[in-house]
Protein chains: 2
Amino acid sequence: MTVRFFNAYVLTFDDNNTAFNGEVWVENDKIVYAGLPKKTNLSFDREIDLNGNILMPGFKNCHTHSPMTLFRSYADDLPLDKWLFEKIFPLEDKLCGEDVYWGTLLAVLEYLSGGTTAVADMYFLDDWVIKAMADGGMRCVFVKGMSDLGKNTQKVLDECESMFNKHNGKNPLIKYALGVHAEYTVSRDLLDGAAALSKKYCAPVSIHLSESKKEVADCKEKYGRTPPFEIASHGVFDNGGMAYHCVHIDEKDAELLKSKNVSVVINPASNLKLANGIAPLQMMIDKGINVAIGTDGAASNNALDMFREMYLASVLQKAATGKPEALPAETILKMAVKNGAYAMGFDDCDCIAEGKHADLIAVDIKKPNMQPIANLQKSLVFSAGKSNVFLTMIGGKILYENGKFFMGIDENTVYAKCNEIVRRIVNE
Amino acid sequence: MTVRFFNAYVLTFDDNNTAFNGEVWVENDKIVYAGLPKKTNLSFDREIDLNGNILMPGFKNCHTHSPMTLFRSYADDLPLDKWLFEKIFPLEDKLCGEDVYWGTLLAVLEYLSGGTTAVADMYFLDDWVIKAMADGGMRCVFVKGMSDLGKNTQKVLDECESMFNKHNGKNPLIKYALGVHAEYTVSRDLLDGAAALSKKYCAPVSIHLSESKKEVADCKEKYGRTPPFEIASHGVFDNGGMAYHCVHIDEKDAELLKSKNVSVVINPASNLKLANGIAPLQMMIDKGINVAIGTDGAASNNALDMFREMYLASVLQKAATGKPEALPAETILKMAVKNGAYAMGFDDCDCIAEGKHADLIAVDIKKPNMQPIANLQKSLVFSAGKSNVFLTMIGGKILYENGKFFMGIDENTVYAKCNEIVRRIVNE
């Protein structure tokens, strides 16, 4: 499949943040040309006139639990304990592989319609999540969230290793990564085991980290140090990784994460809604950490919308620091695209350039919320939304265009299946 | 014009929050029936199958400066002083009536596409703003933002009174209301004069109030009391009104505003972006204040999107109070519709019931972000967005449907005019 985008306002997201009015050509899964209009002998399967609208790399959602779309709007406005123990956990217990498959596909529909082209997911029933991502055409790193609560530690580690070997190197869009659920849901043996796997495969390990005040206080009381230091002390971060949330980290924590080449993934919407607070984003950036953005799951967000996260990431820091100049749009966009690609290890789809993977989105600037046209980078962060995304391409395949999905599975089937699943597990 | 909506999931927003699967019939500008399907001799000009999607009253945006859409994305990520004095004020100085007309129409396009059916605007060049609102078909209360900085106080008051008489009672969609810009931009004589006008016409007076810490500190230093007490002491609130922002008010302030029947209009997005903080919404509600929601202008927001404001109003209070159960979706929806209608004095379009004005919106629930269907009120606040709005009707007229505008002025003309204006005033 060859596609020529023309009359595009191309935001490349390259190191110089180059932008130009021109063309981008795609052959199979790669970008083969990005530049001014020029003649070619290539014959294209499709030539798409972007009418001056934006063409840019898709967003990288670096932390999500896709199957949890099933629980959207099921347990909102509740105290944390009630939300988790009375509502979410009991439902999760009832999920089978096929449920997780359909929930993931629903999430994929939402990613596609909102311009997200790659996600880092963490859930269980790995095979089914991965199958849905593959069937949906999503670029994905599935992060195992190992936990040995009530389980045999070695078995958990073995299963993770076996999945790691099973799923890596098969599908160019899918990676399987090592991960630990959180400091408070695993034994110290599991941390040691995760570190050993990391060493064996030179592989990064990702983890939920310092999400709530309670998590930090409990860890300090139990181990005399904060979660980042506790996790690092077991060697878990020796090959880097992603640390999710980091709402309650201090400067020392941040310096440690930086020294270990750990990317931090902030989840502003989820942190607000569960009343965990606002992550010290400006401080982490000042420390030189690679900070990326995630949505977390739809049970706590409730949308999987990178526009909302970008917006929040900026304005919450302005409010938290008292400085309206904090976290400008350009920094936020870099976090949502380039830093995200780096955090996930998808460096080959971090910008528009020849040879890069064709993970592209088109953004309509001829809608009221993008007019007048003064500074499109600012508009992307402060006024744009998913209603502006009219085309999403992953690995050279157009999966969403003008409100229609082309992922090969009808969206109404996905909706029907998900509603059926929710009815069943709520009433079971 | 008669319209029949059928197969609708009707959220009435009446006092019992009634919801049902049924029909709503509109004749001219009024709702003539809302209930279960039934036979009728009425012949309808249009019969619209809503396919099970939501039909509800439109959102009431109780504080905005519509013409400021012209400045969207022109001055973001700047310190407050630089933003206002180096960027916004110099541009505003160059605006002529026609500029304000086109800027307002651009805002109207954004209101319509986002499901907002009534706005309370505050700006200058009143005739032009009002003409644009009327031409665009918007329901609007234009609030005069009187200020006598460098002006003759009596002349400002006289002009306000003359406009008040000129514009009220002419167009059923448009009202003209008394208003004072802010405590720090007016003389005490102007406050007394505004109170006299309020008394003469039994009319409420609205004002920007306690938006920044500095405003409160300066007022206390100068007058020995907070802005609410200072304003009230001049009799300005004796017929109620709307107080915009109220980020920095305390319990005593809130009790005063409640006792004066002043509605508070919060503007969470603007307050974050300009780093003013988070208004104590829960406290104001606990005091029994009628709290409504506004977007403020697009120069400080940058969107005019009531979904974003509703979402922020809820999740910011959860974070600020540390309680995930704070400000549940149902409360937020009431603020955005019913409380807003009351604040603006548009009580006749606050819900879906026979005899009420037909200010209605249709919301698509067959999109990924609204699925599965567990609790649609929660979804409206926590995951819906303008991409879900597919029909907006004001006073019985359909002005937006399926991405197309029917306000009688082509949107591309509005975009072109606004871009032309911005180019002119930036380069002048």
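This is a predicted model: local features need pLDDT of at least 70, side-chain atom pairs count only at pLDDT 80 or more; totals for chains, interfaces and linings use all residues.
## A buried cysteine in a loop

C246(A) is found in the loop between β11 (241-245) and α8 (251-259) of chain A. Phi of C246(A) is near 50°, which is a positive value in a residue other than glycine. Is C246(A) buried or exposed? C246(A) has 27 other C-beta atoms within 10 Å, so it is buried. The cut-off for that label is 20 or more.

S210(B) sits in the loop between β10 and α6 (213-223) of chain B. With 28 C-beta neighbours inside 10 Å, S210(B) counts as buried.

## Confidence in the model

How confident is the predictor? For chain A, the average pLDDT is 97. In that chain, 100% of the residues score at least 70. The model as a whole scores ipTM 0.97 and pTM 0.97.

## Chain A as a whole

Chain A holds 14 helices and 17 strands. Its radius of gyration is 21 Å, close to the 22 Å that the globule rule gives for 428 residues, so chain A is as compact as a globular protein of that length. Along the principal axes, the C-alpha atoms of chain A fill a box of roughly 65 × 50 × 45 Å.

What share of the 428 residues in chain A is buried? Buried residues make up 61%. Contacts also reach across the sequence. Take those in chain A between residues at least 6 apart in sequence: 73% of them join residues at least 24 apart.

## The eight-strand sheet

Chain A has an open sheet of eight strands. The order is β6-β7-β8-β9-β10-β11-β12-β13, and the pairing is parallel. Which strands stand at the edges? They are β6 (59-64) and β13 (291-293) of chain A. Each has a single partner strand, so one side of each is left without a neighbour in the sheet. On average, neighbouring strands of this sheet are turned by 25° against each other, direction ignored.

Inside the sheet, β9 (residues 174-182) and β10 (residues 205-209) of chain A pair in the parallel sense over four bridges. A182(A) stands opposite H208(A) in β10(A). Helix α5 (residues 188-201) of chain A packs on the sheet and touches β9 and β10 of chain A. The direction of α5 makes about 155° with that of β9(A).

## Strand β9 in chain B

Now turn to chain B. Its strand β9 (residues 174-182) is mostly covered, with seven of its nine residues buried. Strand β8 (residues 139-143) of chain B pairs with β9(B) in the parallel sense, over four bridges. V141(B) stands opposite K175(B) in β9(B).

Strand β9(B) is also joined to strand β10 (residues 205-209) of chain B. These two run parallel and share four bridges. G179(B) has S206(B) in β10(B) as its bridge partner.

## Cis peptide bonds in chain B

Where do cis peptide bonds occur? One joins N301(B) and N302(B), with omega about 10°. N302(B) is found in the loop between β13 (291-293) and α11 (306-321) of chain B.

Another runs from Q371(B) to P372(B), with omega near -10°. P372(B) lies in the loop between β14 (360-363) and α13 (376-382) of chain B.

## Where the chains meet

How many residues does each chain bring to the contact? Chain A gives 52 residues and chain B gives 52 residues. Several helices of chain A each supply at least two residues of the side that touches chain B. They are α1 (80-93), α2 (97-113), α9 (268-273), α11 (306-321), α13 (376-382) and α14 (411-427). By class, this side of chain A has 28 nonpolar, 13 polar and 11 charged residues.

## A residue of helix α1

I88(A) has its place in helix α1 of chain A. With 19 C-beta neighbours inside 10 Å, I88(A) counts as partly exposed. The buried label needs 20 or more.

Which residues does I88(A) touch, not counting residues up to four places away in sequence? They are F71(A), A75(A), W83(A) and A299(A). I88(A) and A75(A) are 13 residues apart in sequence. In space, they are 7.5 Å apart, C-alpha to C-alpha.

Notes
Residues are numbered from 1 along each chain as its sequence is written. Chains are lettered from A and ligands numbered from 1 in the order in which they are written. Two residues are in contact if their C-beta atoms, placed from the backbone, lie within 7 Å. Ala, Val, Leu, Ile, Met, Phe, Trp, Tyr, Cys and Pro count as nonpolar, Asp, Glu, Lys and Arg as charged, and the others, Gly among them, as polar. The radius of gyration is taken over C-alpha atoms; the globule rule is 2.2 Å times the number of residues to the power 0.38. A residue is buried if 20 or more other C-beta atoms lie within 10 Å of its own, exposed if 12 or fewer, and partly exposed in between; C-beta atoms are placed from the backbone. pLDDT is the predictor's confidence in each residue, from 0 to 100. Two strands pair if DSSP finds at least two bridges between them. Axes are lines fitted to C-alpha atoms, for helices over the stretch in contact, and angles run from 0 to 180 degrees between N-to-C directions.
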